Amino acid sequence: MLVHITALLLSAAAPAICWDGFGHQTVGFIAQKYFTSQANATVGALIGLSEAFDIGDAAAWADTIRDRDNLPWSKNWHFINPKGDDPEKHVCVVNYPTDCVNQNCIIAAMMNQTSIVLDTTKSSMERRNATMFLLHFFGDLHQFFHTSGFKLGGTAVRPVCWGTDAPCDGNRNLHSVWDSAIPRKLRGLPEETDRFQDKAAAKAWAADIYNRQKEQGISTDRVCAKLGGPDCILDWATESNKLVCSHGLKNGEAWILSHDLSKEYFDENGQLADTQVGKAGLRLAAWMNAIASALGSQERLGDDL
Ligand SMILES: *[C@@H]1O[C@H](CO)[C@@H](O)[C@H](O)[C@H]1NC(C)=O
Ligand SMILES: *[C@@H]1O[C@H](CO)[C@@H](O)[C@H](O)[C@H]1NC(C)=O
Ligand SMILES: *[C@@H]1O[C@H](CO)[C@@H](O)[C@H](O)[C@H]1NC(C)=O
C-alpha cells in the first residue's frame with residue numbers, strides 16, 4: 001500500500017511517470033510467457049526472481065527507484081524528446097543520435113544496459129539492475145508519449161479532462177492519461193487499486209494478450225533482436241513516435257484540451273494501449289532470449305578453453 005500511495009503522490013507532483021505499475025507488470029508477465037527455458041533461467045538468476053519478487057515487480061522497479069533512491073541520473077533514460085517533432089503539422093520524426101543529447105535517452109540507455117547484462121565481468125548487482133532497467137524500458141518505449149518531443153512528451157498538454165467536463169483535473173495531462181487512465185479503463189480497473197489488485201489485473205491482461213497473439217500466429221521468431229547496435233530499438237522508437245501523429249495528437253492539442261478524453265478519444269484510440277503493451281512484451285522476450293543465448297554461447301566457449 002505504501003508503494004501505491006507514494007506512486008500516487010509522485011504522479012500528482014510529477015505526472016511524467018510512464019505506464020503505471022500495472023502496465024509495466026503486464027509487459028513483464030507477457031515476456032515471461034515467450035521466454036525460452038534458457039532465458040527464463042537466465043533472467044531468473046540475473047534478477048533473483050522469487051514468489052516475493054516476480055518478473056512483474058522487476059519490470060516496474062525502475063520507477064520505484066528513480067526519484068527516491070540513489071539512481072536519480074536514470075531519470076532521463078526513460079524517454080527521448082525528438083526536436084523535430086511537430087504533431088500539430090503531422091510531423092513525427094526521431095533523429096538518432098542527434099535527439100539523444102549526451103547519450104542520455106531511452107535508446108542509448110537500452111543499448112548501454114544490454115551491454116552491461118552481456119558483460120560477465122560486471123558485478124552481479126550492476127547486471128541485476130541492468131536487466132530490470134531493460135524490462136522496464138521496453139514498456140516505456142511503447143508508451144508512445146515517451147518517444148515524443150511535443151510539450152515534454154505530452155506532460156505539458158494540460159489540464160485534460162477525463163470523465164469530467166471542464167473545469168478539468170489540473171493534475172491530469174495527456175501523458176498521464178496514456179500511462180494510467182486509458183489502460184485502466186480498457187481493463188475495467190478502477191483508478192485506485194492496491195498492489196495485489198494491480199498484480200492480478202496485470203497477470204490477467206498478460207494472459208489475455210498472449211492468447212490473442214497466439215491465435216494470430218504471432219511469435220518471437222521474426223522479432224528484431226540485433227543486440228549490438230541501435231537498429232531494432234530505433235525502429236521501435238520511430239514506430240512509437242509516429243503513433244503520436246496518427247493517434248495520440250491526431251486532432252491537435254486544442255481538441256485534446258476541450259474534450260473529455262474518456263469518451264470518443266478513448267473509443268478511437270484506447271485499444272492501442274493493448275497493442276503497444278503486447279508488442280513491448282513480445283519484443284522484450286525476443287531480446288532477452290537473444291541475450292540468454294549469447295551468454296550461453298560465451299559459457300560454452302569458456303568450457304572449451
Ligand atoms: C520461469 O522462472 C520462474 C522463476 O524465475 C519460475 O517460477 C517459472 O516456473 C519458470 N517457468 C518455466 C516455464 O520454467
Ligand atoms: C551506462 O550505464 C551505467 C550503469 O548503469 C552508467 O553509469 C552510465 O552512465 C551509462 N552510460 C550511458 C551512456 O548511459
Ligand atoms: C542498483 O539499484 C539499487 C537500487 O535498487 C541501488 O541501490 C544500487 O546502487 C544499484 N547498483 C548499481 C551497481 O547500479
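Residues are numbered from 1 along each chain as its sequence is written, and chains are lettered from A and ligands numbered from 1 in the order in which they are written. Because the model is predicted, local features need pLDDT of at least 70 and side-chain atom pairs count only at pLDDT 80 or more, whereas totals for chains, interfaces and linings use all residues; side-chain values use heavy atoms, with hydrogens and water left out.

**View 1. The disulfide between Cys-92 and Cys-245.** A search of the whole structure finds 3 disulfides, a disulfide being a pair of cysteine sulfur atoms within 2.5 Å. In the one shown here, the sulfur atoms of Cys-92 and Cys-245 are 2.2 Å apart, and the torsion about their S-S bond is about 95°, so the link is right-handed. Cys-92 lies in the loop between α4 (55–66) and α5 (106–118), while Cys-245 belongs to helix α9 (residues 231–248), so the pair ties together parts that are 153 residues apart in sequence. Helices are DSSP runs (H or I, at least four residues) numbered from the N terminus. Both cysteines, Cys-92 and Cys-245, are buried, where buried means under 20% relative accessible area, exposed over 50%, and partly exposed in between (1.4 Å probe, protein chains only).

View 2. Cys-100 and Cys-105 are both buried. The sulfur atoms of Cys-224 and Cys-232 are 2.0 Å apart, and with -70° about the S-S bond the link of Cys-224 and Cys-232 is left-handed. In this pair, Cys-224 is partly exposed, with a relative accessible area of 22%, whereas Cys-232 is buried, with a value of 0%.

**View 3. Salt bridges of Arg-212.** The structure holds 15 salt bridges, each defined as a side-chain nitrogen of Lys or Arg within 4 Å of a carboxyl oxygen of Asp or Glu. Asp-208 forms one with Arg-212, the closest N and O atoms being 3.4 Å apart; these two residues both lie in helix α8 (residues 195–215), 4 residues apart, which is about one turn of the helix. Asp-208 is partly exposed, with a relative accessible area of 27%, and Arg-212 also counts as partly exposed, at 27% relative accessibility. Asp-274 forms a salt bridge with Arg-212 as well, with 2.8 Å between the closest N and O atoms. Since Asp-274 lies in helix α12 (residues 271–304) and Arg-212 in helix α8, this pair ties together parts that are 62 residues apart in sequence. Asp-274 counts as buried, at 7% relative accessibility.

View 4. The side chains of Lys-263 and Asp-260 meet in a salt bridge at 3.7 Å, N to O. Lys-263 is partly exposed, with a relative accessible area of 46%, whereas Asp-260 is buried, with a relative accessible area of 11%. Elsewhere in the view, Arg-187, Asp-208, Arg-212 and Asp-274 are joined into one network by salt bridges that share partners.

**View 5. The shell around ligand 2.** Ligand 2 is surrounded by Trp-77, Gln-103, Asn-112, Gln-113, Ile-116 and Glu-126, a residue being near a molecule if one of its heavy atoms lies within 4 Å of it. An oxygen atom of ligand 2 is 2.3 Å from an N or O atom in the side chain of Asn-112, and a polar side-chain atom of Gln-113 lies 3.3 Å from an oxygen atom of the ligand. Of the 360 Å² of accessible area that ligand 2 has on its own, the protein covers 57%, as computed by the Shrake-Rupley method with a 1.4 Å probe. Helix α5 gives the most to this shell, with 3 residues.

**View 6. The surroundings of Gln-197.** Gln-197 is found in helix α8 and is partly exposed, with a relative accessible area of 39%. A polar atom of the Gln-197 side chain lies 2.8 Å from the backbone nitrogen of Asp-194. Gln-197 and Phe-22, although 175 residues apart in sequence, are 9.1 Å apart in space, C-alpha to C-alpha.

Conventions. Polar contact = N/O pair within 3.5 Å; in protein donor to acceptor, adjacent residues only side chain to side chain.
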